[in-house]
Amino acid sequence: MDFYQQALKLHEQHHGKIEVASKVTVETADDLSVAYTPGVAEPCRQIARDKSEAYRYTAKGNLIAVVSNGTAVLGLGDIGPDAAMPVMEGKSILFKRFGGVDAFPVCIDAATPEEVIETVKRLAPTFGGINLEDIKSPDCFEIEETLERDLDIPVFHDDQHGTAIVVTAALMNALKVVGKDLSEVRIVLNGPGAAGTAIIKMLLAAGAKHILACDSKGILSEKRPAGVTGHKLELAQLTNGQGLTGSLADALTGADVFIGVSKGNLLTAQMIGTMAADPVVFAMANPTPEIGYDEALAAGVAVMGTGRSDHPNQINNLLAFPGIFKGALGVRSRDINSPMKVAAARAIADLVTDQERSADHVIPSALDPRVAESVARAVARAAVETGVARQPLPAEWA
């Protein structure tokens with residue numbers, strides 16, 4: 001099937017993928033008086049007295065804004081907010097289909113972090129949470145950090161944290177397959193942008209202790225004369241305690257794990273040959289991985305994962321974001337903090353049983369109907385335990 005042509009036909013036929021549907025009927029004069037004037041004045045008065053009542057009387061408590069300025073859309077780059085709309089529509093229907101969460105695309109003409117921040121702050125009263133999407137690095141770091149600090153609703157940049165959560169879940173199981181421990185393995189990550197930065201921080205939070213980050217110039221180190229500033233300097237300080245320098249090939253010598261969120265065909269069979277026994281490789285550049293699936297296995301990779309659906313072990317953010325927001329909204333969380341993210345990763349990993357786990361199966365399918373509920377329960381519990389929830393656990397999650 002030519003998915004590009006089929007997608008064009010689908011989007012043209014339906015004029016996009018979403019619509020606004022009413023939860024109530026308006027067929028009679030009484031219906032109109034209750035749903036709109038004069039009756040609607042009473043919930044307005046209740047919310048004016050206490051704005052938290054918006055969660056009771058409006059859609060806010062189950063409504064997410066999927067926000068993008070179109071500066072880093074898929075592998076297409078900076079294509080602008082208009083061209084980003086099909087992706088944000090798609091994300092919105094995935095929220096609904098897999099998490100039961102209402103979501104609406106908000107594509108904004110905002111070129112700078114300050115403009116994005118100001119716009120989202122002004123929109124925030126409508127929504128119970130903000131999902132940032134396809135915003136270029138390093139702008140995305142400042143935007144998320146500021147909004148997390150200034151808003152009292154959860155803010156989540158899926159390109160960063162959704163990817164990190166699913167990578168962590170897959171790695172937990174992959175290391176069980178090869179009989180290694182997260183705290184002991186040597187990990188090399190190539191591509192320290194938005195996703196790569198979040199992956200490193202997530203793995204450290206989950207217990208990893210030995211990580212090297214590489215960009216196009218090699219290992220991130222405070223000793224390197226060029227290109228190690230901003231978030232890259234922070235990563236160098238978080239990871240490379242020995243101050244190692246050199247190329248990606250140098251970093252991989254003796255490494256147990258390679259994680260790629262960079263560009264296609266950067267990892268060679270020769271590099272894999274220098275890694276430790278039974279290496280794990282997650283080559284997630286799309287559509288062309290850092291190394292091809294068959295080539296990696298032929299080179300000796302024990303567990304291989306990609307971002308593609310036509311190979312085993314697809315690292316897919318769909319495993320994370322619907323359940324994360326479902327859980328956060330379910331307890332009216334103020335935040336999506338690190339313990340909640342680690343809880344989500346463990347919940348995803350635990351869905352693969354000891355009997356099912358193998359080199360070809362370290363992560364559930366993105367279409368597994370159990371995933372969102374399991375993630376939501378774990379995230380909600382972590383929110384309550386860490387004091388960011390404003391409501392107790394629902395009975396079904398207690």
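In the predicted model, leucine 123 lies in helix 6. Between leucine 123 and aspartate 368, which are 245 residues apart along the chain, the C-alpha separation is 33 Å.

Helix 6, which spans residues 113-123, packs with helix 7, formed by residues 139-150. The angle between helix 6 and helix 7 is about 30 degrees, and their axes are 9 Å apart. Because angles under 35 degrees count as roughly parallel, helix 6 and helix 7 are assigned to that class. The crossing of helix 6 and helix 7 is right-handed. On the side of helix 6, the contact is made by Pro113, Glu114, Val116, Ile117, Val120 and Lys121; helix 7 contributes Asp139, Glu142, Ile143, Thr146, Leu147 and Asp150.

Aspartate 159 is found in helix 8, which comprises residues 158-178. Aspartate 159 is buried, yet has no salt bridge. The nearest side chain of opposite charge belongs to lysine 91 and is 5.4 Å away from aspartate 159, whereas a salt bridge requires a side-chain nitrogen of Lys or Arg within 4 Å of a carboxyl oxygen of Asp or Glu. When neighbours within four places in sequence are left aside, aspartate 159 is in contact with Glu133, Asp134, Ile135, Ala195 and Asn317. Among these contacting residues, Glu133 and Asp134 belong to residue types that count as negative, as does aspartate itself.

Definitions and conventions
Residues numbered from 1 in each chain as written. Predicted model: local features only at pLDDT ≥ 70, side-chain atom pairs only at ≥ 80, totals over all residues. Heavy atoms only, no water. Helix = DSSP H or I, 4+ residues; strand = E, 2+ residues; numbered from the N terminus. Buried < 20%, exposed > 50% of the residue type's maximum accessible area, 1.4 Å probe, protein only. Contact = heavy atoms within 4.5 Å. Axes fitted to C-alpha atoms, helices over the stretch in contact; angles between N-to-C directions. Parallel < 35°, antiparallel > 145°, perpendicular 65-115°, else oblique. Left-handed = near helix turned anticlockwise from the far one by under 90°.
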